[in-house]
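Colleague: I would like to learn how to read some features of a two-chain model. Please take them one at a time.

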Amino acid sequence: MATTVLDAAPSLASLYAKAALTSRGRGGELPDTRLARHGVTVDRDHLADYARVCRMPLADVLPATYPHMLAFPLQMALMTDRAFPLATVGLVHVRNRIEVFRGVRADEALDLEVWAERFAAHRSGATVDLCASAAVGGQAVWRSRSTYLSRGAKAPDGAPEADVDVAVGSLERTAATWRVPDDAGRRYAKVSGDVNPIHLSGLTAKALGFKRAIAHGMWVKARVLGALAGRLPEALEVDVAFRKPLFLPSTVALSTAEVTGGWDVAVRSATSGTEHLIGSIRTLKEKH
Amino acid sequence: MADTSKPATRKAAIVGGNRIPFARSNTAYAQASNQDMLTATLDGLVARFGLQGAQVGEVVAGAVLKHARDFNLTRESVLGSTLAATTPAYDIQQACGTGLEAAVLVANKIALGQIESGIAGGVDTTSDAPLAVGDDLRRVLISLNNAKTMGDRLKALAKIRPGQLVPDMPRNAEPRTGLAMGDHAAITAKEWEIGREEQDELAVRSHHNMAAAYERGFFDDLVTPFLGLTRDNNLRPDSSLEKLAKLKPVFGKGEGATMTAANSTPLTDGASAVLLASDEWAAEKGLPVLAHLVDAQTAAVDYVHGGEGLLMAPVYAMPVMLARNGLTLQDFDFYEIHEAFASTVLSTMKAWEDPAFCKEKLGLDAPLGSIDRSKLNVYGSSLAAGHPFAATGGRIVASLAKMLHEAGPGKRGLISICAAGGQGVVAILES
């Protein structure tokens, strides 16, 4: 295993360009490489922009989803590298699990590390997990696992079965209705740097096979956490499955149900009931 | 026979307080909304007193500068906080009197036995201030919204003039006089012949007192850091008369102008909250009682047609409250006179010392007399901390309650807060 330490966050726009140019001829096993950045500090203005676009309160403890902002460019650098077996363009984010071992304060410097693992077979292709961890002073404080599906791709022989489901209980009651505007993707792209064309406009989404622009899954996840502000444990696990795309604009309904040790949540179309996100939020008991 | 169906009134206890450090306008909290700051302040209070998930009797708070989106601000903040979502809340607004009036309202309900516990607070941002479209444009936009046909919409749009596109900035000015609060205060300062040097002295003392209080850890259990700020960033521990003497006056006109940026409070962002309760509730939860809120009085003056100074209402409220409690102005161990402007504090004290004023305006046989200056704002006040309008009352109530508690049982403290609109709130705390 080799770890490469970067001094700065890679530019996502140029990584997307690279991804588009290098999508052909991919294959083989997952690389054993890790990318890392040390002593990453939070820009409070950026945090404020993030909180505003995700409808979260501005506070000193980072939202559970925020370290993903810092780790995602490293994951993109890993995925767009020619050694990575799957083409980045066309990857669909199908599941994201975040563990917060303790509340991370905005003034703490984070050591980030990202890697890929669990190349798995899926009924319509193959999945891969892009993982990230954040540590403060050598102690792990946060970890995430993003599962991406590559349709039509083939996992290596002997690969395990993909694991993309999150179990939730009954979610009947609507807690809130959100009108998600046409520009929701562009607004989140501006803050996150995730300028994947499928989120930006109808035209760019069409070019990649979607009928309209779709909302970022991580934005929907963050908004769910924002809606539960003040009702979440400090150490938690938030595991969500991204189901059908949330086409923009849309009106969606958030359902929440308090269960032992946390919440079950769902975001569905307010009109058709199409499931966009289901998830479970639980108090994290064991320290890792 | 006495009616025994209702409990006799009791004095509400002040259990403690929490605030975020105050920040000068457009600095550390430039990105924070009223709701962000009030929620963080409530969460800090909850953490301090172990109230996670607990329901308190009610939360009363307010903001002076409010967005339309700040509808139900306090209730929305409670819903976003770690308090039980079943905690009722409501908003009030009495300009700079908001925070203290909120504490009085909560204390009164506790006194009447209607609630056992409550939180009083206040918040203000001058950075994330509400911008309104001018009244003319607002009317056009409303008629545009009501228009049914395209023709009506175009007609409505045609009424927009370029000059209407300039938004109305909120100003710290009195709607009926058009004068900034500082200009009003300057008129009063001139009437009471308040000199530049005594104002600067008061300002320097406020900074030094507050810096010393921070140094000895007095604020450790009153303030929770927020957005990277651990102390009020207006605080100047090295403030000196020489430095202040160099500043040019900003309020009042001509030779006699004395009010500068240093002896006037700056525009500030911040929030504060105070936990009040019945003695029984505090004992049950194992929480301390720092002091009790004994009494309060609000007064208003006619600064528009009556010729009284805008910020002189506390002067009128004081003798009413003292008489009701059988106390004199000298019967107190600590005095907290809100430093909206140094000249306001000085004019207030001078008025209480003035036999003619006390006889003619307050209807008293003898003046209220003078205050021992060594007992005044001993841990600094608004000139040092800054003054996020609605948050000042909570800052003072919590600090004074702690000062009285430290001084021991049976000590008395007096609060005097002036407010826009010619109003003022005064209160007595006792340990």
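Colleague: Which residues of chain A does UniProt list for "domain: MaoC-like"?

Modeller: The UniProt record, an unreviewed entry, lists residues 182–259 of chain A under that name. The model is predicted, and in it this stretch is 33% helix and 22% strand. Its end C-alpha atoms are 34 Å apart.

Colleague: Which feature does UniProt place at residues 288–430 of chain B?

Modeller: That span carries "domain: Thiolase C-terminal", again from an unreviewed UniProt entry. Residues 288–430 of chain B are 35% helix and 21% strand, and the end C-alpha atoms of the span lie 14 Å apart.

Colleague: What does the domain assignment give for chain B?

Modeller: It gives domain 1 as 135–165 and domain 2 as 181–217 + 294–430. Taken over C-alpha atoms, the centres of domain 1 and domain 2 of chain B are separated by 48 Å.

Colleague: Now strands. Which strands of chain A pair with β11(A)?

Modeller: Pairing is read from bridges between strands. Strand β8 of chain A, residues 236–242, pairs with β11(A), residues 275–283, in the antiparallel sense over seven bridges. Strand β10 of chain A, residues 262–269, also runs antiparallel to β11(A), and seven bridges join these two.

Colleague: Which residue of β11(A) is the bridge partner of D239(A)?

Modeller: It is S280(A). S280(A) is also the bridge partner of D264(A).

Colleague: How many residues lie between β10(A) and β11(A) in their hairpin?

Modeller: Five residues lie between the two strands. In that turn, G273(A) has a positive phi of about 80°.

Colleague: Which residues other than glycine have a positive phi?

Modeller: The general idea is that most residues other than glycine have a negative phi, and most peptide bonds are trans. Two cases here go the other way. A95(B) is not a glycine, yet has a positive phi of about 50°. A95(B) is found in the loop between β4 (89–91) and α3 (98–111) of chain B. L227(B), likewise not a glycine, has a positive phi of about 45° and lies in the loop between α7 (196–215) and α8 (241–245) of chain B.

Colleague: Where is the cis peptide bond?

Modeller: The cis bond joins L248(A) and P249(A), with omega about -10°. P249(A) is in the loop between β8 and β9 (250–259) of chain A.

Colleague: L248(A) is in contact with A213(A). Where is A213(A) found?

Modeller: A213(A) is in the loop between α5 (202–207) and α6 (217–227) of chain A. Leaving aside neighbours within four places in sequence, the contacts of A213(A) include G185(A), I198(A), H199(A) and L248(A).

Colleague: Why does A213(A) count as buried?

Modeller: Because 25 other C-beta atoms lie within 10 Å of A213(A). For distance, A213(A) and A116(A) are 97 residues apart in sequence and 27 Å apart in space, C-alpha to C-alpha.

Colleague: Where is L65(B) placed, and is L65(B) buried or exposed?

Modeller: L65(B) is in the loop between β3 (58–61) and α2 (73–80) of chain B. L65(B) counts as buried because 22 C-beta neighbours are inside 10 Å. In sequence, L65(B) and K411(B) are 346 residues apart, and in space 35 Å, C-alpha to C-alpha.

Colleague: How many residues are in the largest nonpolar core?

Modeller: In soluble globular proteins, nonpolar side chains tend to be buried together. In this model the largest nonpolar core has 212 residues, and I14(B), A103(B) and L276(B) have the most contacts inside it. Helix α3 of chain A, residues 66–80, gives the largest share of this core, with 10 residues. Outside four places in sequence, A103(B) is in contact with residues including A120(B), V274(B), L276(B) and L293(B).

Colleague: Last, how many residues does the contact take from each chain?

Modeller: It takes 11 residues from chain B and 10 residues from chain A. On the side of chain B that touches chain A, helix α1 of chain B, residues 34–49, has the largest share, three residues. The residues of that side divide into four nonpolar, six polar and one charged.

Technical notes
Residues are numbered from 1 along each chain as its sequence is written. Chains are lettered from A and ligands numbered from 1 in the order in which they are written. This is a predicted model: local features need pLDDT of at least 70, side-chain atom pairs count only at pLDDT 80 or more; totals for chains, interfaces and linings use all residues. Two strands pair if DSSP finds at least two bridges between them. Helices (H or I, at least four residues) and strands (E, at least two) are DSSP runs, numbered from the N terminus. Two residues are in contact if their C-beta atoms, placed from the backbone, lie within 7 Å. Ala, Val, Leu, Ile, Met, Phe, Trp, Tyr, Cys and Pro count as nonpolar, Asp, Glu, Lys and Arg as charged, and the others, Gly among them, as polar. UniProt positions are given in the numbering used here, feature names are shortened, and annotations may be inferred rather than shown by experiment. Domain bounds come from an automatic or database domain assignment. A residue is buried if 20 or more other C-beta atoms lie within 10 Å of its own, exposed if 12 or fewer, and partly exposed in between; C-beta atoms are placed from the backbone. A nonpolar core is a set of buried Ala, Val, Leu, Ile, Met, Phe, Trp, Tyr and Cys residues joined through C-beta atoms within 7 Å.
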